[in-house]
Amino acid sequence: MGKIIACVNQKGGVGKTTVTINLGIGLARAGKRVLLIDFDPQGSLTDCLGFPEPDTMEDTIAQILMNRINDVEMDKAYGILKHPEGVDVLPANIELSGLEVSLVNVMCRELVLKGYLEQVKADYDYIVIDCMPSLGLLTVNVLAAAGSVMIPIKAEKPSIRGLQQLLRTIGKVRKSMNPDLGIEGIVPNMVSRTNYARDVVARLTEAYGGPLKIFESIPQSVRMAETAAAGKSIFLHEAKGRAAQVYESLIREVLADEG
């Protein structure tokens with residue numbers, strides 16, 4: 001099937017990386033072939049999956065795209081790492097920032113990532129991409145290639161205010177270069193048990209819950225924070241916890257939309 005899902009939000013600190021990891025590994029647990037792509041120069045997904053020192057890596061998504069720009073031949077498996085929980089991983093590091101500068105002068109610069117993914121997507125049921133916290137050229141590359149967008153959002157009023165800008169960008173990309181781009185839904189993430197957090201989620205649902213799917217809120221959890229240091233998913237770290245249960249529900253909803 002090769003469905004490409006982009007985890008996008010121009011705001012940092014909303015948990016895009018943990019959503020990408022647990023969504024991807026959850027799909028793999030359901031028997032799907034999954035590729036996780038780190039598309040953030042910070043290399044957070046790479047690091048959180050237990051691959052240390054991303055900035056020392058040479059075979060990364062930045063090098064792959066540079067090879068494509070320069071017409072350098074490479075094997076389809078180039079740069080792809082294997083994670084113990086059954087997903088393939090394409091790492092990133094600070095070199096991706098340099099690539100963004102280089103893309104400015106490239107013909108069809110918004111479609112470089114799409115060209116690469118067309119080559120590999122037949123090998124996977126799902127490709128899930130962790131985007132950088134911006135709406136620059138790298139993120140536009142992801143939106144131009146994706147089939148749908150997953151939007152993690154923190155239960156804070158500034159996050160909701162920034163959502164409108166992201167939706168406008170998605171609309172522009174859909175209109176100009178990717179008419180099939182859909183929105184998988186919004187994931188309220190790291191939601192505390194406070195009245196303030198519940199009020200924000202209620203406002204989010206009231207404002208966007210008609211045209212967009214609002215997934216069940218992922219609770220704020222010490223165990224969830226520990227997964228990054230442990231290099232594994234919440235399913236392996238605390239399988240019976242509330243966060244794992246919510247992610248299982250999220251996976252079921254994503255799989256239900258396969259048809």
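## Helix packing

Helix 4 and helix 6 are roughly perpendicular to each other, since an angle of 65 to 115 degrees counts as such. In this predicted model, the axes of helix 4 (residues 95-103) and helix 6 (residues 137-145) cross at roughly 80° and come within 9 Å.

On the helix 4 side, the contact is made by Leu96, Leu99, Glu100 and Leu103. Helix 6 contributes Leu137, Leu138 and Asn141. Sorted by class, the contact between the two helices has five nonpolar residues, one polar and one charged.

Seven strands form an open sheet in the order 3-4-2-5-1-6-7, and the pairing is mixed. Strand 3 (81-82) and strand 7 (182-189) are at the edges; each has a single partner strand, so one side of each is left without a neighbour in the sheet.

Strand 7 pairs with strand 6 (residues 148-154) in the parallel sense, over seven bridges. Within this part of the sheet, Ile153 has Pro188 of strand 7 as its bridge partner.

Helix 5 (residues 112-120) lies across strand 1 (3-7), strand 2 (34-39), strand 4 (88-90) and strand 5 (126-131). Helix 5 runs at about 155° to strand 5.

## The aromatic pair

The structure holds one aromatic pair. The ring centres of Phe235 and Tyr247 are 6.4 Å apart and the ring planes stand at 70°, so the pair is edge-to-face.

Phe235 belongs to helix 10 (residues 234-237) and Tyr247 to helix 11 (residues 242-256); the two are twelve residues apart, and the pair links distant parts of the chain. Both Phe235 and Tyr247 are buried.

Methods:
Residues numbered from 1 in each chain as written. Predicted model: local features only at pLDDT ≥ 70, side-chain atom pairs only at ≥ 80, totals over all residues. Heavy atoms only, no water. Pairing = 2+ DSSP bridges. Helix = DSSP H or I, 4+ residues; strand = E, 2+ residues; numbered from the N terminus. Contact = heavy atoms within 4.5 Å. Axes fitted to C-alpha atoms, helices over the stretch in contact; angles between N-to-C directions. Phe/Tyr/Trp six-rings, centres within 6.5 Å; stacked < 30°, edge-to-face > 60°. Buried < 20%, exposed > 50% of the residue type's maximum accessible area, 1.4 Å probe, protein only. Parallel < 35°, antiparallel > 145°, perpendicular 65-115°, else oblique. Nonpolar A, V, L, I, M, F, W, Y, C, P; charged D, E, K, R; others polar.
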